[in-house]
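Visitor: I would like a close look at a single part of this model. Please keep it brisk.

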Amino acid sequence: MEPVAVVGVGMTAMRRERRKDGYADLVYEAVCLALEDAGMTIDQVDNVVTVSNDFFDGRTISSMAIQDACGSYDKNVSTVEGDGTFGAFYGLMRILSGSFGTTLVCAHHKGSESEMALITNAMFDPIYERFLGVEAITSSALQARAYMDKYGVTEEDCALVSVKNHGNAFRNPVAQLPLELTVEEVMASPYVAEPLKVLDCCPISDGASAVILASAERAAKITDKPVWVRGVAHCCDAYHLGDRDLSDVRALQYAARKAYSMAGISDPRQEIDLVELYDAFTYMELMWLEGLGFCDPGDGGKLTASGATALDGKIPVNPSGGCLSGHPVLVAGLNRIIECVLQLRGDAGERQVDGVRAAVAHGVNGPCGQSHCVWVLGGER
Amino acid sequence: MGKRVAVVGVGMTKQRSSRPDVNGQELINEAVRAALEDAGISRRDIDAVVIGNMDHFEGINYVDTWSVDGSGALMKPIMKLTTGGTTGTTVAMAAYYHVASGLFDRVLAVGWEKNSESDTTGAIITAFDPFWDRPIFAGAVAGLALEATQYMHLTGATEEDAAYVAVRERRHALNNPFAHLHINLTIEDVMNSPYLSWPVKMGDMCPRTDGACAVVFASEDVVEEFPNKPAWILAVADRHLWAYTSDPYVNQAIENGWWFPALEWSAREVYDKVGIKDPLKEIDVAELYLPYSFAGLRYMESLGFCERGGGPDLVRSGATDMGGECPVNPSGGVMSSNAIGATGLLRVAECALQIQGRAGDRQVPDVKIALATGFGGCFWSDVLLMGREMPEKPRG
Amino acid sequence: MEDWRKDQEIVVMEGRIKVPYRWAAGEVGTRYLQALRDEMRFLGTRCPGCGIVYHPPRRNCPDCERECGEWVELGERGTLLTYTVVRRHHPQLSPLPLPFGYGIVRLEGADTGFLHLLYEFQEGELRAGLPVEAVFAQEREGSVLDVRYFRPVREVG
Ligand SMILES: [Zn+2]
């Protein structure tokens, strides 16, 4: 893969409700932040990829609302419906094709304006599953149970993730939900769908984000702190939950192997310094860590309990506070990329981890992490 | 530098008013298996899948992950794109960029819709802003009628001129076994059909259709593996300007001479990339997303096939009929089949068949260059130029 | 200059997207749902290539693409693979009074699991590997809810 860099990033604050800002306002804010970060004007953006979802926005052709705000006027533009990591992947390919020197990728979400449960229920097949009333939390509970049963992972193991990530969020000014928690407090929070408790689940959020990608040639003119895309891949598992072994992370393993191989990484445990992954629920952080190869299957809880994934650990995971501390869907994956970029540039403020040279960002689509996208980013090509 | 990209396989379902015999995944699968068979490969040879439709027409969220049983994406990368009516061409362009990036050699593009399963107009109304447009706006037909009256006012075009296009599209569809409508219409039939929103009549509009289309895209490195001759993508471009219903009618655009900037700018971009100077002469066949008859007049001008206001005369001259200078929509086009998410991709598939000389009774002789367009959103446009000869160098 | 934003109450439009849907089950899905409705029987289809018995039935194998032409009758009992007990749920989505469960059940004769509801279980009774059985609705209309739920098998007598 020819070198492509992230040259600008922008995140709005994630909040439970940003009533004063419509979708377009949020996107405009994020795009302006990314342009300012890159020191670019919109004229220097060659093309745009927007990310949105018609269900969450309550609009057919949801990208129509933000065409003015994203600055796509008289530019090539397209729309990915899915997590921001997938939208950014498309933006990357448009540069690799040689057609464009720079791509602006933006994503928006206002969870405050709709009913999350009804919308995630619509992920399920209308003939065989939807009328059962299953949605994101209840389906994830089935996965959490399968995973915990298989490996003997406990609810306390999962609670540690909540304590860590909500704690990290205090250092992140755009995070929505910094909380000072103990494992006991997480364990005492009420069950939503066993084994998932309120404090195992991400909040509902409003927010938007934008990143600007550039070819090596253009990046050299734009910034002296480019962050390079070293590898990226995605993979999708079977659809019906009963077709999958929900405790298995084969799609993530496949995507990770491919991304690592592109990046020339043979041992992620030694060669990756930081991870930002899609922790919509606490157990997911453990499972995804295993799928990404940072420990053996079933050892995610042990790794977390050892302190290795803490801000000052060997492999800090979600120093930003993760999705547990702010989860504008779709935006969430783009935020994982942005957090890695800030860390690699040394611009992560109070949440900065020392000596980050390579980082992994991760996003998901579909129920129970059916489809995973893995990015390896680095300060050097 | 990027890779050159060709279409090497095409699959489409018969386009029908309703397909209750299959669920959505099975409809998709029908087109996917046809495309794989046409390309002489199996699901295992595919490196990535790109899929698109319009969510509220079937009410299924995350269609990419839902589609896996049908789209063949099990344990493969799959990405969903959606841009309204342009979805099918957007999907084709995404498949193009997947391959052009050098990351994937064989990519399957899938567009589909089961419009029989919902209220199409009810879903389309939700495309518009809930504060400013939605309480007032009555769906796609009304928006098109605004365009038609503006066009008639600016050019003096008549309803009969538009009816000529409506008749041509349906006549062409008689040659296409996959088309939804097989009806022999006269200009009188169209003129006598009831008004939906003046001046647009029933006979001027596209139908609602169930259908799917799948297309295999391959890189220059692997095209030799496939039995079909490659149909090369020469250039792609799009403009998705604007957000509100009334934006396309701003005076500034008209005063600046841009009547339909999204299509004019996209077309100009692909012509410049390929070096097309006289599109009517140099393009051998066009498969255009004409959602209704008046578009068949106005787009001729936007695409540079004739001067401003020359659409009616060009069309009535027979230049866009089979046997004419540049036949438009030998397949019967959108006015004969409109499974919305599939529609744009069908334009690309039809262009590929024409270039490969495999279009059967709808074949235009000796097609070297073909033009496909998509229309949707807020008067948005996608344009793809395809050709028989491999481009000298990769270009976007 | 007047600060017009000060103490402003933001106007919020309430709306609901109301689009009616009519999802066709297709020929394969219709045969399956008819068997549930008319005979209270579960049917799967077998892939001739992979040998996998899919439940719910597939027309074509998601893996090898071959047509799954062979219908296989499945038991109405099966094994619970994973489960959850739901304590809070969106009121519009709850098909049963809380607390109820969701489970993935592998029916006798099937190779894949089947997502459905769990009910009539004791607190703490659910576990992976538990034998469960289908409870059919009295009035059946050709939908997955013709099975009201699955419950632990209780050996009578
Ligand atoms: Zn098989």
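In what order do the strands of the open sheet in chain B run, and what is the pairing?

Guide: The model is predicted. In chain B, 9 strands build an open sheet in the order 3-2-4-7-1-8-11-10-9. The pairing is mixed. Strand 3 (78–80) and strand 9 (285–287) of chain B are the edge strands, and each pairs on one side only. From one strand to the next, the twist averages 30°.

Strand 9 pairs with strand 10 (residues 369–376) of chain B in the parallel sense, over 3 bridges. Within strand 10 of chain B, Ala370(B) is the bridge partner of Val285(B).

Now the helix across the sheet. Helix 5 (residues 87–100) of chain B lies across several strands, including strand 1 (5–12), strand 4 (106–114) and strand 11 (380–387) of chain B. Helix 5 runs at about 160° to strand 2 (48–52) of chain B.

Arg239(B) sits in strand 8 of chain B, and Glu269(B) in helix 11 (residues 261–274) of chain B. These two residues form a salt bridge, with the closest N and O atoms 2.8 Å apart. The pair links distant parts of the chain, 30 residues apart. Buried here means under 20% relative accessible area. Arg239(B) has 6%, so Arg239(B) is buried. Glu269(B) has 16%, so Glu269(B) is buried too.

Methods: Residues are numbered from 1 along each chain as its sequence is written. Chains are lettered from A and ligands numbered from 1 in the order in which they are written. This is a predicted model: local features need pLDDT of at least 70, side-chain atom pairs count only at pLDDT 80 or more; totals for chains, interfaces and linings use all residues. Side-chain values use heavy atoms; hydrogens and water are left out. Two strands pair if DSSP finds at least two bridges between them. Helices (H or I, at least four residues) and strands (E, at least two) are DSSP runs, numbered from the N terminus. Axes are lines fitted to C-alpha atoms, for helices over the stretch in contact, and angles run from 0 to 180 degrees between N-to-C directions. Contact means heavy atoms within 4.5 Å. A salt bridge is a side-chain nitrogen of Lys or Arg within 4 Å of a carboxyl oxygen of Asp or Glu. Buried means under 20% relative accessible area, exposed over 50%, partly exposed in between (1.4 Å probe, protein chains only).
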